[in-house]
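The stops below can be followed in order, one selection at a time.

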Amino acid sequence: MIAALAPLSFLAQSATGNSFDVPANVVFYIVAAFMVFAAIRVVTTDNIVHAALWLILVLSGVGLNFLLLQAEFVAITQILVYLGAIVVLFLFGIMLTRAPLGRADDLDNNMRPIGVAVGLLLTAVIAFALIRTFGNDSLTFEAYAGSQAVAGNNRTTALANEIFGPQLIPFEVLSVLLTAALIGAIVLARRD
Amino acid sequence: MTLSFMDPLLALELAYWQETSLKVLLGLAAALGLTGAVVYLYLFKFVSFMQSRLGPMEAGPYGSLQLLAEVGKWLQKEDITPSRADKLVFGIAPAVVLTSTFLIFVVIPAGPNAVIADLATGIYYVLAVSSLSVIGILMAGWASANKYALIGGLRAAGQLIAYELPMVLAVVGVVITVGSLNLQDIVAAQASGEIFGWDGIGNPFVITQFIGFMIFLIAVQAELTQTPFDMPIAESELVAGYHVEYTGIRFLVYFISEFATAVAFAAVASTLFLGGWAVPESWGISRDAMHWVGPVVISTKAVILVGVVFWVRFTFPRFREDQLQKLAWKGLIPLALANIAVTAALKVAF
């Protein structure tokens, strides 16, 4: 009986006010389950615009996960870049070319077994890399103490110092990579 | 100045969830109240005077009940969904737009403690959530099963993407000057600042970041799709653009979110460039009094800035689509980048 109630022990803990990690884990599993469902809908839905809209839910789940990891800046960047720009560009491109309402029969093909194999392989590689890198590392959660802004600002400052300090060269190289991709797209799209 | 009768109220201890629900309710009331005030003041009265028409004079004394009449009219109209529309997406789209609008209000401070969430990345959050309304507009344009709606949605998306960039870049100048993304820090920096040693009006960034302020206001005008940037809803070409198929309460939701977004962006602009809720520190008004003065100050500034938006809206004719894109990509963005470079150089130099 006591063991069965163990998952609910976070209620007692949050009442004493210091630990935040159990509720955060519970929320993580809810968000994760929802993301898996939405991700499956992205590839199984029979309408291309619906697929893009399900993708929005998957990507906002990623943003929520960053929030749970107390990475406020990264979470907002996720929303701004993926939801505000990339998905909007997807939708824009789809609607500018071909976006029929209702079912489309040509969205499916007979490649499902290969798709499943690639998906499993990718999952294995990512899981291996994550477990190998982080092992049993855990994050200390800070309870709400009325001065979130100060702590959050320190974290954002630390991130900025890291990017524009020791990591400046990789950061600039990435920018060059993106610029190259952009120029490539323009060259391909030009007619003259 | 002390308000002794307020002491028991200020000393009240609330649990986190109680405090948050109270803040959300007050925030919603403030957002809707200001939106209603702006619609009545500018859309009914101001414009009627500019165009010499007596329309909103009949309902109530001096037309003061016109707003109630309009809301009542929209609520009782039939809610129609086109038979070939994608019903689910069609139904969700107005909610997405309205949510994106209300999320902006979450971080706008109206006093020393009067903010729903004092996020460290406040202004960055505003730029992120305000960009979500495009998704709702594209959903509405596509799900309506109507050519005009789809063209309007695409025009809106192209325009909002183009003008989000100058808006973000215009804000960077202020962020460099303050060294923080937090809106309370930005307010404090302006209240305690001084201009060459004179602290009579603090140091509102509209002076040092005037270029940023102008770019921000132009970008806001475009994000709100107000004339001269109203191609997405151009009546003479597209009937009403992306919300052409919406009727009754769903149209009302678009209407409210359009004006609530105007209020939200005006409040953000006042916070960034006009000193926000604070009055200059040299005026010596106590922090306790600011709990009450602050909301009045920021509301006044926001309503005046919305007035500027409407003044422009009813003064200028519509741009052409290519002129719109040229202004953003060849005019505003290079100017904003130059502003950032100069601000950063001056910040390092001094």
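**Stop 1: a loop residue in chain B**

Select B:Ala145, which is partly exposed because 17 other C-beta atoms lie within 10 Å; the count falls between the limits of 20 or more for buried and 12 or fewer for exposed. The model is a predicted one. B:Ala145 sits in the loop between H6 and H7 of chain B. Check its backbone: phi is positive, about 55 degrees, although the residue is not a glycine. As background, most residues other than glycine have a negative phi.

**Stop 2: another positive phi**

Move to B:Ser52, in the loop between helix H2 (16-50) and H3 of chain B. B:Ser52 is not a glycine either, yet has a positive phi of about 50 degrees. B:Ser52 counts as exposed because it has 6 C-beta neighbours inside 10 Å.

Then select B:Gly72, in helix H3 (residues 66-76) of chain B. Is B:Gly72 buried or exposed? B:Gly72 counts as exposed, with 11 C-beta neighbours inside 10 Å. For a distance check, draw a line from the C-alpha of B:Gly72 to that of B:Glu235: the two are 24 Å apart in space and 163 residues apart in sequence.

**Stop 3: a helix pair**

Show helix H4 (residues 87-105) of chain B together with H5(B). Their axes are 9 Å apart and the helices pack at an angle of about 170 degrees. H4(B) and H5(B) are therefore roughly antiparallel to each other, since the limit for that label is an angle over 145 degrees. To see the contact, select B:Ser100, B:Leu103 and B:Ile104 on H4(B), and B:Val126, B:Val129 and B:Ser130 on H5(B). By type, the residues of this contact are 4 nonpolar, 2 polar and no charged.

**Stop 4: where the chains meet**

Now colour by chain. The contact takes 24 residues from chain A and 27 residues from chain B. Which helices of chain B each supply at least two residues of the side that touches chain A? They are helix H5 (122-130), helix H6 (133-143) and helix H7 (147-178). That side of chain B divides into 19 nonpolar, 5 polar and 3 charged residues.

Centre on B:Leu138 for a close view. Not counting residues up to four places away in sequence, B:Leu138 touches A:Val88, A:Leu91 and A:Met95 in chain A, and B:Gly153 and B:Ala157 in chain B. B:Leu138 is also among the residues with the most contacts inside the largest nonpolar core, which has 112 residues. Others in that group include B:Ile135, B:Phe216, B:Ala219 and B:Val263.

**Stop 5: a covered helix**

Select helix H10 (residues 210-223) of chain B. Its 14 residues reach 20 Å from first C-alpha to last, close to the 20 Å expected at 1.5 Å a residue. H10(B) is mostly covered, with 11 of its 14 residues buried; among them are B:Phe213, B:Ile215, B:Phe216, B:Gln221 and B:Glu223. Just after H10(B), B:Thr225 takes a positive phi of about 50 degrees.

From there go to B:Ala336, in helix H14 (residues 321-349) of chain B. B:Ala336 is buried, as 24 other C-beta atoms lie within 10 Å. Leaving aside neighbours within four places in sequence, B:Ala336 is in contact with B:Pro166, B:Leu169, B:Ala170 and B:Ile215. The C-alpha atoms of B:Ala336 and B:Ala170 are separated by 5.6 Å, although the residues are 166 apart along the chain.

**Stop 6: chain A**

Chain A has 8 helices and 0 strands. Of its 192 residues, 13% are buried. Among contacts in chain A with a separation of 6 or more, 55% join residues 24 or more positions apart.

End at helix H8 (residues 168-189) of chain A. Its 22 residues should span 32 Å at 1.5 Å a residue, and the end C-alpha atoms are 32 Å apart, which agrees. How many of the 22 residues of H8(A) are buried? The count is 0, and H8(A) is hardly covered.

Note on methods
Residues numbered from 1 in each chain as written. Chains lettered and ligands numbered in written order. Predicted model: local features only at pLDDT ≥ 70, side-chain atom pairs only at ≥ 80, totals over all residues. Core = buried A, V, L, I, M, F, W, Y, C linked by C-beta atoms within 7 Å. Contact = placed C-beta atoms within 7 Å. Helix = DSSP H or I, 4+ residues; strand = E, 2+ residues; numbered from the N terminus. Nonpolar A, V, L, I, M, F, W, Y, C, P; charged D, E, K, R; others polar. Expected span 1.5 Å × (residues − 1). Axes fitted to C-alpha atoms, helices over the stretch in contact; angles between N-to-C directions. Parallel < 35°, antiparallel > 145°, perpendicular 65-115°, else oblique.
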